Amino acid sequence: MLLKEDIDKYLETIPPIPNTIKSTLFYLNGNDLVQAANIAKQDKVFSSYLSEIVNKPIFGFANSVKDVNQIFGILGLDRARQIVSSYYLQLIAPKKWEVFNFSNKKFQELQANLIIAWNEILKALKIDDKNLQQSVSLIPASLIVCEMMFRDIKETILLLRESKQMNFDEILYKMSGYNLFDIVLEIAKKWEYDDNIIAFLKDFSNYNAQNEMSETRRKEIVFLRLLINEEMSKPYIIESGLNDFFNFPIDFEESDIALFLKIRHKL
């Protein structure tokens, strides 16, 4: 069995965010790209990661970019914050995924896709909120936690999926009383994320179309859910089984769906 206490213990073993990352984010949040880059390039592993992820085709750079100052300059503050926040996940990601049919290469692809698309959406909605921009990096973090927890009871997990036809989300909740976004919230607290990020994630997790909230908050939640639904419907995610964790009800307004499709696919 996977008990709530087991999840709590595992979350406690996740080390805090390294000082290099905290310092880099500090200067980025202060709009100082130059000092942020100077801090980041002191860590060779970190610098290598930045170069690797920004040279993926989705970022659309014509030439390979290696210099950290140049990387931050091209990315700008918003995307730089997101990528720095996502870096730490690479440090805690498993070298080999055993429960889910996934890999760190695919994990990086998921991170990059979410970062690019979420920035695109927020810009189109005219929402300028650095906390909201960074929040998207916590969703992939929860998938790492599930992989690491499930591998200790891998045979039980596979048996439940085959004999009971249970999906991963049902198994997680049945065994622990947690859903994926409970884990997201716990990670946000562990890593001392801003209270505004935690508040947004709570609203996101508990969202119901009937809930009373500002129109801006409603749009933030709806459009992030639409983005996740889109990403989770891609073949590489479906093949992994990770899409099980994201069964959002499709109770969105037609106007929201139309605008989302217009932003994402230029319809």
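**A buried glutamate and its surroundings**

Mentor: Let's start with glutamate 147, which counts as buried at 0% relative accessibility (buried means under 20% relative accessible area, exposed over 50%, partly exposed in between, with a 1.4 Å probe and protein chains only). Bear in mind that this is a predicted model, where local features need pLDDT of at least 70 and side-chain atom pairs count only at pLDDT 80 or more, while totals for chains, interfaces and linings use all residues. Residues are numbered from 1 along each chain as its sequence is written, and side-chain values use heavy atoms, with hydrogens and water left out.

Glutamate 147 sits in helix H8, residues 138-150 (helices are DSSP runs of H or I with at least four residues, strands are E runs of at least two, and both are numbered from the N terminus). Leaving out residues up to four places away in sequence, Glu147 touches Pro94, Lys96, Trp97, Glu98, Val99 and Phe100 (contact means heavy atoms within 4.5 Å).

Together with Phe72, Trp191, Phe245 and Phe246, Phe100 touches the most other members of the largest nonpolar core, which has 98 residues. Such a core is a set of buried Ala, Val, Leu, Ile, Met, Phe, Trp, Tyr and Cys residues joined through side-chain atoms within 4.5 Å. Helix H5 (residues 68-92) supplies the largest share of this core, 11 residues. As for Trp191, its contacts beyond four places in sequence are Ile14, Pro15, Ile17, Tyr88, Leu89, Ile92, Leu138 and Ala141.

Now for a helix pair. The axes of H11 (180-190) and H12 (195-205) come within 10 Å and cross at roughly 175°; axes are lines fitted to C-alpha atoms, for helices over the stretch in contact, and angles run from 0 to 180 degrees between N-to-C directions. That's why H11 is roughly antiparallel to H12 (under 35 degrees is roughly parallel, over 145 roughly antiparallel, 65 to 115 roughly perpendicular, the rest oblique). Phe181, Val184, Leu185, Ala188 and Lys189 of H11 meet Ile198, Leu201, Lys202, Phe204 and Ser205 of H12. The residues of this contact split into 7 nonpolar, 1 polar and 2 charged; Ala, Val, Leu, Ile, Met, Phe, Trp, Tyr, Cys and Pro count as nonpolar, Asp, Glu, Lys and Arg as charged, and the others, Gly among them, as polar.

Serine 47, in helix H4 (44-54), is buried too, with a relative accessible area of 13%. Setting aside neighbours within four places, Ser47 is in contact with Ala40, Lys41 and Val68.

The loops are worth a look as well. Most residues other than glycine have a negative phi. Asn31, in the loop between H2 (19-29) and H3 (33-40), has a positive phi near 65° and is exposed at 53% relative accessible area. Lys126 lies in the loop between H6 (104-124) and H7 (130-135); its phi is positive at about 60°, and Lys126 is exposed at 75%.

Zooming out, the chain has 15 helices and 0 strands, and buried residues make up 52% of its 267 residues.
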